[in-house]
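Thanks for coming, everyone. I have one structure to walk through today.

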Amino acid sequence: ASREPGHNFKVMKKFILCLLAVAAGMSAFGQGRVMGVRAGLNVTSIDLSAGSNSFSFDSRASYNVGFAYQQPLLRTLPLYLETGLYLTGRGGSVNASNFDLGFDEEFNMLYLQVPVVVSWHFNVRSVSIQPLAGVFYGFGIHGKAKFKGEKADLFKSTDLGDGAEEEAMFKRSDLGLRFGANVTFKKHYNVSLGYDLGLLNILKDA
């Protein structure tokens, strides 16, 4: 368990370096590159399954903020590569009244997330409509669970004393698909709506 955070940081570092290499290799297209800052609302949930049984946590509202970059892929078609780096909140909750548990449980997670998507730009006067699809990689940098008034770290092992240690509950790395659309007004103002579907099992022991 003690070696895993370092390993995950190396994975994320290699991913970002590869992304920068791709962007550098495309720099010859110069014109049409777009950079900016985006911020908005995240609504997330966690799905659990074991055999034939499945369960979805209640959704949790959080935030999403970061840097976006677009680069033309082709000279003759309005096809763009979009990437960036975002700080994004995730998680879910279990409401006691829903299951007669007598307690509430909440998972609060914070990720550094790098999307890599391809978008097509439809320009109508001063408005650009940009449907997109691609992948994302997320790296968990903070995670807390609240359970019966107690808090636990989701990404780090917990010292139980007397040399005993409880393994972290969640893996830090996540990978999935991203779908959505951007709408840009007057080349400066952007509104986005997207959906991320995680493909990895982020629980360590289930």
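This is a predicted model: local features need pLDDT of at least 70, side-chain atom pairs count only at pLDDT 80 or more; totals for chains, interfaces and linings use all residues.

Now the hairpin itself. Strand S2, residues 47-50, and strand S3, residues 53-56, pair in the antiparallel sense. They do that over four bridges. Asp47 stands opposite Ser56 in S3. Two residues sit between the strands of this hairpin, and Gly51 takes a positive phi near 65°.

Step back to the overall picture. The protein has two helices and 13 strands. It has 206 residues, and buried ones make up 34% of them. Next, the contacts. Take those between residues at least 6 apart in sequence: 62% of them join residues at least 24 apart. The accessible surface comes to about 12,900 Å². Carbon and sulfur atoms account for 60% of that surface.

On to the interior. In soluble globular proteins, nonpolar side chains tend to be buried together. Here, the largest nonpolar core has 12 residues. Its members are Ile46, Phe57, Val94, Phe107, Met109, Tyr111, Ala145, Leu154, Phe155, Phe170, Ile202 and Leu203. Which strand gives the largest share of this core? Strand S6, residues 105-120, with three residues.

Pick out Phe57. Set aside its neighbours within four places in sequence. Phe57 is then in contact with Ser45, Ile46, Leu48, Gly92, Ser93, Val94 and Phe107. Ile46, Val94 and Phe107 from that list are also members of the core.

Now the surface. Met35, Val37, Tyr63, Val65 and Phe67 form a nonpolar patch there. Together they have about 520 Å² of accessible area. Strand S1, 34-44, and strand S4, 60-72, each supply at least two residues of the patch. S4 gives the largest share, three residues. Val37 has its place in strand S1. Is Val37 buried or exposed? Its relative accessible area is 72%, so Val37 is exposed. The cut-off for exposed is over 50%.

Last topic: charges. The count comes to five salt bridges.

The side chains of Glu82 and Arg38 meet at 2.8 Å, N to O. Glu82 lies in strand S5, residues 79-94, and Arg38 lies in strand S1, so the pair ties together parts that are 44 residues apart in sequence. Why does Glu82 count as buried? Because its relative accessibility is 6%, and buried means under 20%.

Next, Asp196 and Arg178. This salt bridge is also listed at 2.8 Å, N to O. The pair links distant parts of the chain: Asp196 is in strand S13, residues 189-198, and Arg178 is in strand S12, residues 173-185. They are 18 residues apart. Asp196 counts as partly exposed, at 29% relative accessibility. Arg178 counts as buried, at 18%.

Then Lys144 and Asp153. Their side chains meet in a salt bridge at 3.7 Å, N to O. Asp153 is partly exposed, with a relative accessible area of 22%.

To recap: a core of 12 residues, a nonpolar patch on the surface, five salt bridges, and an antiparallel pairing of S2 with S3. Over to you for discussion.

Notes
Residues are numbered from 1 along each chain as its sequence is written. Side-chain values use heavy atoms; hydrogens and water are left out. Patches are made of residues with over 30% relative accessible area and no salt bridge: like charges are joined within 9 Å, nonpolar side chains (Val, Leu, Ile, Met, Phe, Trp, Tyr) within 5 Å. Accessible areas come from the Shrake-Rupley method with a 1.4 Å probe; for residues, only the protein chains shown count as cover. A salt bridge is a side-chain nitrogen of Lys or Arg within 4 Å of a carboxyl oxygen of Asp or Glu. Buried means under 20% relative accessible area, exposed over 50%, partly exposed in between (1.4 Å probe, protein chains only). A nonpolar core is a set of buried Ala, Val, Leu, Ile, Met, Phe, Trp, Tyr and Cys residues joined through side-chain atoms within 4.5 Å. Contact means heavy atoms within 4.5 Å. Two strands pair if DSSP finds at least two bridges between them.
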